[in-house]
Amino acid sequence: MKKYITFILLAFIAGTSTAYDFEHEGILYKFNPKHDNSVIVTCLEQNEFTSPDIIRTIPENHPTEYEKIGPICNINARPFYKGTVTVPSTVTYGGKTYEVTEIGNSAFAYSHELTGIILPPTITKLGQSAFWNCTGLKEIDIPEGVKEISHSCFFDSGITEFNLPASIEFIGEVPFGFYVTKVTFNHDNSTAEGVPTIHPYAFDMTIRLQEITLPKSNFKLFGQAFGENLKLQKIIFPDIVKASAEDDIFHSCPSLTEIVCMGENPPMLIGCNYLSHDREIYERCRLIVPESSVELYKNAKIWKDFTTITGVPDINDYAHIDQAGTLTPVIDITTGAGAIDIITSSPVKTSVYDLRGVIVYQGTVSSHLTLSLPTGAYLVKCHDRTLKVRI
């Protein structure tokens, strides 16, 4: 039987102290204790907590991930930012110029009227709960050079899509929150010094997340990294040789119906023996691979467990990833045996009409739909495509 450990919200407070050293153009800063020539964006006061600031029930095999996290800013003693805030790359104080290298813990948290944030290329870390509950913040450009996105960083913000820079090396616990629908790692191992690490529960509680594109390099996935994702439908493994992964990374992902592996050689998930305790995932989920590699996947550890392994001639065309990392659905509409078959690389709204203009089907096709209909001609409208077919 799996054992669980429950942590209680803000159990003990060791003390309160002033968090900032000086103010510059409305933004508070503290000196970076690790680097004499840099500063961290911070808040007015901070409390030292001896337990995590979120309620968490976790499997017993990861208790060490939940030790004391450090100072968290007092939500009753902070500036509340409005509009668009530009964080400078350097600030001058006392006749000395400092580089701004971090957004500290809870620095902008609960700034409901913050609608934009411009970060400089000098930033390397986004701290814990840095943009917590910034509900007016709808988008952010995370600059190249950011290595760490800490626990709960954007939790309960208004941002729905994240494009992560190639420099990312660490993703903390639930950094993106409830409302994110898509996360793309633009990682080709060109700038990061370390192996990107995706924390246990990194995508937990992201209840609207539908699609993830993983890094294009070696990376490490902790167990249940994508756990409890009720709406996750699709995940893309780029052309990678190997990655480190623990068991059960797709724990409780009931909507996952498609995994796309873009590499001709099956990815080696070192340390992983199974993707999910839920064995139905291997029957429910289609594995899409390059057409020339189907047999390799059918004989590869982990991947051979999938019931349906489908090869496509051009895997890049199927995933349809352009230079900007934008995913556009690729749609295949065919007829035969008294039915219309619609196969799509991602969910699309679809309507089918008979020649009298009567709707015979209307809904969202997640990946594959077989629509049995009487002999005749029909008009199929799928995403931005319209096609007249006959069965």
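This is a predicted model: local features need pLDDT of at least 70, side-chain atom pairs count only at pLDDT 80 or more; totals for chains, interfaces and linings use all residues.
## A four-stranded sheet

Let's start with an open sheet of four strands, which pair in the antiparallel sense in the order E30-E29-E32-E33. Strands E30 (359-365) and E33 (385-390) are at the edges with a single partner strand each, so one side of each has no neighbour in the sheet. From one strand to the next, the twist averages 15°.

Strand E29 (residues 348-354) is joined to strand E32 (residues 377-382) by five bridges in the antiparallel sense.

## Thr 197

Thr 197 belongs to strand E18 (residues 197-198). Its relative accessibility is 18%, so Thr 197 counts as buried, the cut-off being under 20%. Beyond its neighbours within four places in sequence, Thr 197 is in contact with Glu 169, Phe 170, Ile 171, Lys 220 and Phe 222.

## Aromatic pairs

The model has 18 aromatic pairs. One of them is the tilted pair of Phe 31 and Tyr 93, at 6.2 Å centre to centre with 50° between the planes. Phe 31 lies in strand E4 (residues 27-31) and Tyr 93 in strand E10 (residues 90-93), 62 residues apart. Phe 31 is partly exposed at 33%, and Tyr 93 is partly exposed at 37%.

Tyr 282 and Phe 306 are edge-to-face, because their planes stand at 70°, with the ring centres 5.1 Å apart. Tyr 282 sits in helix H1 (residues 281-284), while Phe 306 is in the loop between helix H2 (294-298) and strand E26 (309-312). Tyr 282 is buried at 2% relative accessibility, and Phe 306 is buried at 4%.

Notes
Residues are numbered from 1 along each chain as its sequence is written. Side-chain values use heavy atoms; hydrogens and water are left out. Two strands pair if DSSP finds at least two bridges between them. Helices (H or I, at least four residues) and strands (E, at least two) are DSSP runs, numbered from the N terminus. Axes are lines fitted to C-alpha atoms, for helices over the stretch in contact, and angles run from 0 to 180 degrees between N-to-C directions. Buried means under 20% relative accessible area, exposed over 50%, partly exposed in between (1.4 Å probe, protein chains only). Contact means heavy atoms within 4.5 Å. Rings of Phe, Tyr and Trp (its six-membered ring) pair if their centres lie within 6.5 Å; planes under 30 degrees apart count as stacked, over 60 as edge-to-face and the rest as tilted.
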